[in-house]
Amino acid sequence: MADIVINHRIGTTKGNGGMYNRNDGILLAWNEHAVTSCTGGLGNRSTVDNFNGVPNIDHSRRFVRKDIIGWLKWLRSVSFQDFHFDFARGYSAKYVKEYIEEAKPIFSVGEYWDSCNYNGYDSHRQRIINWIDATGQISTAFDFTIKGILQEAVMGQVWRLRDPQGKPPGVMGWWPSRALTFIDNHDTGSTQAHWPFPSNHIMEGYAYILAHPGKPTVFYDHFYDWDEHSKASRYPQPSSVRILESQYNLYSAMIGDKVRMKIGDGSWCPTSREWTLATSGHRMQCGKSNDSSSIFPFIADPFGTGECDARHPSQA
């Protein structure tokens with residue numbers, strides 16, 4: 001997957017206004033007309049968000065799009081299969097549609113990140129869905145809504161994990177096939193830590209996104225630096241979520257017909273003996289159906305506990 005940073009770039013040479021807004025190299029040899037007028041160039045004004053402090057590319061210019069498409073096709077020719085569109089709020093989604101249709105990546109995802117209002121998050125996920133729609137529905141998007149809601153939930157507001165319609169919050173609750181779920185990335189966590197997931201609740205976060213619909217991702221730092229390799233398996237994507245409990249300290253759900261899980265410190269276990277505990281850990285448990293046709297790799301049991309809540313040890 002290539003990180004496609006085409007909203008903003010620092011040029012090689014000073015141009016209009018004394019800014020580095022000219023690129024005099026062989027590839028993408030652009031002058032100030034390739035840069036929006038609101039960020040120091042001679043192009044058109046941006047109609048969406050600016051990435052302040054750096055020249056922003058004017059995608060309304062045909063020569064700019066032609067050069068970008070040529071570069072994207074070159075990336076495909078050297079074996080990059082997938083594209084991650086950085087700061088997708090900075091240029092119209094219709095251009096993302098054009099770039100995908102021309103370069104034909106196997107998979108693409110947009111980073112459409114804006115502020116989340118936790119008291120009314122429908123509008124937040126609707127904006128992400130509007131962006132997906134504007135790409136012609138051919139790109140996925142990072143589910144920033146569920147990232148924000150989930151990290152508030154694990155810190156004592158678990159009830160947030162059920163929306164007023166009884167569905168999961170976030171894009172995953174409305175359009176799971178287009179939701180790329182995550183709990184941290186190089187901007188939110190790691191050394192930048194702009195919006196980090198609480199470190200003592202990491203496994204709760206992964207228990208949630210690996211069990212639920214969407215396309216879950218595991219952050220590089222967690223997978224390698226935290227040595228979480230064995231904990232990052234998941235089962236085939238389910239088609240439905242039935243939320244069983246959503247209280248201040250307990251969330252439990254049945255995902256598809258093969259998995260039941262819970263997070264939080266409230267007590268809960270499946271009441272049927274047709275379910276077996278697959279893994280458990282700090283404030284999280286996941287169970288699988290005993291139906292032999294539904295056996296699947298889930299989260300390997302790194303904790304070695306093999307236990308359910310003490311109240312129902314025989315019904316795990």
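Me: What makes Ile 149 count as buried?
Reply: Its relative accessible area is 0%. Buried means under 20% relative accessible area, exposed over 50% and partly exposed in between, with a 1.4 Å probe and protein chains only. The value of 0% is under that cut-off, so Ile 149 is buried. This is a predicted model, where local features need pLDDT of at least 70, side-chain atom pairs count only at pLDDT 80 or more, and totals for chains, interfaces and linings use all residues. Residues are numbered from 1 along each chain as its sequence is written, and side-chain values use heavy atoms, without hydrogens and water.

Me: Where is the place of Ile 149?
Reply: Ile 149 belongs to helix H4, residues 144-153. Helices are DSSP runs of H or I with at least four residues; strands are runs of E with at least two; both are numbered from the N terminus. The C-alpha atoms of Ile 149 and Leu 161 are separated by 7.1 Å. Along the chain the two are 12 residues apart.

Me: How many helices and strands has the protein chain?
Reply: There are 7 helices and 11 strands. Of the 316 residues, 50% count as buried.

Me: Which strands form the open sheet with antiparallel pairing, and in what order?
Reply: The order is E7-E8-E9-E11-E10, with 5 strands. Two strands pair if DSSP finds at least two bridges between them. Strands E7 (241-246) and E10 (275-281) each have a single partner strand, so one side of each is left without a neighbour in the sheet. That puts both at the edges. On average, neighbouring strands here are turned by 15° against each other, direction ignored. Axes are lines fitted to C-alpha atoms, for helices over the stretch in contact, and angles run from 0 to 180 degrees between N-to-C directions.

Me: What makes E9 and E11 pair?
Reply: Strand E9 (residues 259-263) and strand E11 (residues 284-289) share 5 bridges, in the antiparallel sense. Ile 263 stands opposite Met 284 in E11. Met 261 has Cys 286 as its bridge partner in E11.

Me: How many bridges join E8 to E9?
Reply: 5 bridges join them, and the two run antiparallel. Ala 253 has Met 261 in E9 as its bridge partner. The two strands form a hairpin with 3 residues between them. In the turn, Gly 256 has a positive phi of about 60°.

Me: Why is E9 called largely enclosed?
Reply: 5 of the 5 residues of E9 are buried, so the rest of the structure largely encloses it. Val 259, Met 261 and Ile 263 point one way, Arg 260 and Lys 262 the other, and all are buried.

Me: Why is H6 largely enclosed too?
Reply: 10 of the 10 residues of H6 are buried, so the rest of the structure largely encloses it. Among them are Glu 204, Tyr 206 and Tyr 208. Contact means heavy atoms within 4.5 Å.

Me: Which strands form the open sheet with parallel pairing?
Reply: 6 strands do, in the order E1-E2-E3-E4-E5-E6. Its edge strands are E1 (2-4) and E6 (215-216), each pairing on one side only. Helix H1 (residues 62-77) packs on this sheet, touching E1 and strand E2 (82-85). The direction of H1 makes about 175° with that of E1.

Me: How do you know that E4 and E5 pair, and over how many bridges?
Reply: Strand E4 (residues 140-142) and strand E5 (residues 179-181) are joined by 2 bridges in the parallel sense. The definition asks for at least two, so they pair. Phe 142 stands opposite Leu 180 in E5.

Me: What is the class make-up of the lining of the second largest pocket?
Reply: The lining has 3 nonpolar, 3 polar and 4 charged residues. Ala, Val, Leu, Ile, Met, Phe, Trp, Tyr, Cys and Pro count as nonpolar, Asp, Glu, Lys and Arg as charged, and the others, Gly among them, as polar. The lining includes Phe 51, Asp 86, Arg 89 and Trp 113.

Note on methods. On a 1 Å grid over the protein atoms alone, a cavity is a set of points where a 1.4 Å probe fits but cannot get out, and a pocket is an open set with protein on both sides within 12 Å along at least five of seven lines; lining residues have an atom within 4 Å of a point.
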